[in-house]
Amino acid sequence: MNHLLKLPRLATRAFTTTARQMKNRVPEHQKLFQEDNGLPVHIKGGTTDVILYRITMTITLAGTGYSLFWLLCASQPTRK
């Protein structure tokens, strides 16, 4: 019965943190992404965003080419 009385206190401790409060960086990011500097949104984040964008585009183009290759192979008549 004593364990049931401690349950609400333990549940509250599990969902609260007192170690460190995180800084709200949303206003900084809003200024960065809403700035009119002529850059597309997928590049405004810096070098990391450019690298991630290029990797994504490379994978997409390679996958499209691979799919088209196998569609071409499947559309050829079979040889006997």
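I searched the whole structure, a predicted model, for salt bridges and found two. I counted a salt bridge when a side-chain nitrogen of Lys or Arg lies within 4 Å of a carboxyl oxygen of Asp or Glu. Residues are numbered from 1 along each chain as its sequence is written, and side-chain values use heavy atoms, without hydrogens or water. Local features need pLDDT of at least 70 and side-chain atom pairs 80 or more, while totals for chains, interfaces and linings use all residues.

I looked up the pairs next. Lys23 bridges to Glu28 at 3.2 Å, N to O. Arg25 also has a salt bridge with Glu28, at 3.8 Å, N to O. Shared partners join Lys23, Arg25 and Glu28 into one network.

I then checked accessibility (buried is under 20% relative accessible area, exposed over 50%, partly exposed in between; 1.4 Å probe, protein chains only). Lys23 is exposed at 64%. Glu28 is partly exposed at 40%. Buried residues make up 2% of the 80 residues in the protein chain.

I turned to the nonpolar surface. Leu32, Phe33 and Val41 form a patch with about 240 Å² of accessible area together (Shrake-Rupley, 1.4 Å probe; for residues, only the protein chains shown count as cover). Patch residues have over 30% relative accessible area and no salt bridge; nonpolar side chains (Val, Leu, Ile, Met, Phe, Trp, Tyr) are joined within 5 Å, like charges within 9 Å. Phe33 is partly exposed at 32% and sits in helix H2, residues 26-34.

Notes:
Helix = DSSP H or I, 4+ residues; strand = E, 2+ residues; numbered from the N terminus.
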